[in-house]
Amino acid sequence: MIATSVSHYPKVGNGPGRQRLRQAIAQLDKGAIDRAALDRVADEVTAEVIQEQERAGLDLVTDGQIRWQDPVTYIAGRLEGFELHGLLRWFETNTYYRQPVATGPITWKEPILVRDFLYAREHASSPVKAVLTGPYTIGTLSETRHHQSRRDFVLELAGALNQELKALAEEGPAWIQIDEPAMARNPSVRYPRDFELFGEAMYRLTEGVNQQSRLSLYIYHGDVADYPQVADLPFALIGLDLVQGAANWDLVGSWPDSKAIGLGAVDARNVRLEDPDEVARRIAAVAAREIHVSPSCGLEFLPRETAFQKLELVARAAHAVEART
Amino acid sequence: MNETAQGLRTTSVGSLPKPDYLLHARAQRARNEISQEELDELSRRATQEWIRFQEEIGVDIVVDGEMYRGDMVAYFAENLEGMGISGLVRSYGNRYYKKPIATGDIRRPAPITVDWWKFAQSLTEKPVKGMLTGPYTIADWSFDNHYGSRRDLVMALAEVVRQEAQDLEQAGAEYLQIDEPAVSTRLDELDLVIESMAVVTSGLRAHTITHMCYGRFEEVYPRLLDIPVDQIDLEMANSGLELLEKFGAHPFTKAIGFGVVDVHTHKIESVDEVKKNIRRALDYLRPDQVFIDPDCGLKTRTVDEAKAKLRTIQQARDEVRSELVRA
């Protein structure tokens, strides 16, 4: 049983010296420091949050997406064909993303996450997973002024990100994770969900990617209990949100033995700390062959100190179950 | 006055920009460089200036501008027992805020806004609106480390907001606004909003209002009318057209606060633009049903921008009114 985080991690903390990144960005805005100086601070904070995840007891970490402004901009902003427009709400949270607008064909021009992955691996003692937001979510949260249909748009995005996956796979991360929250059923947002298009996009995305790295798909901010075919998609592991998407427990009960599962079993959006024994009890009942345990989604919705406690809880529960089996 | 002349009353949604001296003083207070009394004195001065301005231009129902409040949720959280403030959480870019957190049984140890309301009302003959943040919004914008269910947290907050609303009414408030901007994010929880608002407004004789920011309200219309308030205040300047069209098939049965200027832009709308927005309302609504105001709180604008927008609203209203009387 592997304890892991999902995607982002708080960029600043509340003690002295824990707001360096926030201060550096403010200084950059005032022209007091240059971009290179900011990048150095972002690197330092990245190393810090990697170590923090390891200290919490995780077996598999992310780079915390410290350099990301939001889950969409960092990827879409570096593909050819997008402009970045106004702020929109990220699902029903109190956080925002900048909406990409496609004004031409979407193409991949250069590696987006490779450098970040290499930096993270260099500063981690545990394996690092590379995480990127998937084409279906970017397509759903963006607008296009160029494509004939949503289908054309999403599939073109999938093709562009397929090249990113291939570039990442060259470096051989243990895991490459695709995040597709827009595929979750969430009564508050009601983004149009298109199962057929989603499946097609996932095949296009993963086509021909070097299988040295294992691929995973995480869907959070809701459930996919009405979409059991998710288990058949071309990924080694599917990660499910079991807090906001509590209906996912139905899927977990009938999970195919051949497929690994990610259990987002600890609430990443509220500060209340679950009882680790209760979490352990629930995940111990899952029969799947290979299990990753994590918070329900990225942790940037929480203050840094609570995020750390949530990861400790995940690790403690996962390792307690592991020790028993 | 005939019905037409009485209608189209003007007001504000609630917050107004704080003058520079007050922003400066609040920063000083945060660093403990001045006392709370010194800060309160400056908050009173700013309140007085805004009340005088609204009177001068002829606003019908005035607001105190919330000079003494910071964030609309944190302000109440700081004054309630069983609520605290968490560490920093990022909202976007380099913006962080301290999110409130329910830590225990929520109680209101003392009235929160009543003295400020009394002070504002003492400065004017015009009615001053009592301004509260609704239980659903306080809950949705807070962490819950105590109740364990959204409904329980919302209903506990409804009880303390009810107490505050009753105290404001007792002090003489004729208009009570209970803001629920979080509703638009989660229209699937409209039932909970209705249930909690019923607790807040039951037994009140004052004219009750709820303000909500832009959402796809057309999807929950006419269920929206079941929120137990006398008036629903909506952003209608740059949106709301689809909702308005629904009023044709199912009449809007309450009073409406009809936002006619955008609060997110520095640009000052022309009087003609605002008149067009007001006339749009009159295609579906009677003048006495309609209260004219900005789309939302003006606190993110500069003092000059906010004043210019309020003046424009007033002039547009006056012109539409006299055109109605002539017609």
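A residue is called buried when its relative accessible area is under 20%, exposed when over 50% and partly exposed in between, with a 1.4 Å probe and protein chains only. The structure is a predicted model, in which local features need pLDDT of at least 70 and side-chain atom pairs count only at pLDDT 80 or more, while totals for chains, interfaces and linings use all residues. Residues are numbered from 1 along each chain as its sequence is written, chains are lettered from A and ligands numbered from 1 in the order in which they are written, and side-chain values use heavy atoms, with hydrogens and water left out.

Ser142(B) is buried, as its relative accessible area is 8%. This residue belongs to the loop that links helix 6 (135-140) with strand 5 (143-144) of chain B; helices (H or I, at least four residues) and strands (E, at least two) are DSSP runs numbered from the N terminus. Contacts, defined as heavy atoms within 4.5 Å, join Ser142(B) to Val73(B), Met83(B), Lys99(B), Pro100(B) and Ile101(B), when residues up to four places away in sequence are not counted. The side chain of Ser142(B) also reaches the backbone oxygen of Ile138(B) at 2.6 Å.

Two strands are said to pair if DSSP finds at least two bridges between them. Strand 2 and strand 3 (residues 95-107) of chain B are antiparallel and share eight bridges, with Val89(B) opposite Tyr97(B) of strand 3.

Strand 6 (residues 175-179) of chain B is largely enclosed by the rest of the structure, because five of its five residues are buried. Tyr175(B), Gln177(B) and Asp179(B) lie on one side of this strand, and Leu176(B) and Ile178(B) on the other. Strand 6 pairs in the parallel sense with strand 4 (residues 130-133) of chain B over four bridges, where Gly130(B) has Leu176(B) as its bridge partner. Parallel pairing over three bridges also connects strand 6 to strand 7 (residues 207-212) of chain B, and Gln177(B) is there partnered by Ile209(B).

In strand 10 (residues 290-293) of chain B both faces are likewise covered, with Val290(B) and Ile292(B) on one side and Phe291(B) and Asp293(B) on the other, all buried. Strand 10 runs parallel to strand 1 (residues 9-10) of chain B, to which two bridges join it, and parallel to strand 9 (residues 255-259) of chain B, with four bridges. Gly259(B) stands opposite Asp293(B).

Nine cavities of 30 Å³ or more are found in the whole structure. On a 1 Å grid over the protein atoms alone, a cavity is a set of points where a 1.4 Å probe fits but cannot get out, and its lining residues have an atom within 4 Å of a point. The largest cavity holds about 170 Å³ of space. Its lining comprises 14 residues, and those nearest its centre are His8(A), Asp70(A), Pro71(A), Glu300(A) and Arg90(B).

Notes:
A polar contact is a pair of N or O atoms within 3.5 Å; within protein, one must be able to donate a hydrogen and the other to accept it, and residues adjacent in sequence count only if both atoms are side-chain atoms. On a 1 Å grid over the protein atoms alone, a cavity is a set of points where a 1.4 Å probe fits but cannot get out, and a pocket is an open set with protein on both sides within 12 Å along at least five of seven lines; lining residues have an atom within 4 Å of a point. Grid points are joined across faces, edges and corners, and a volume is the space filled by probe spheres set on the points.
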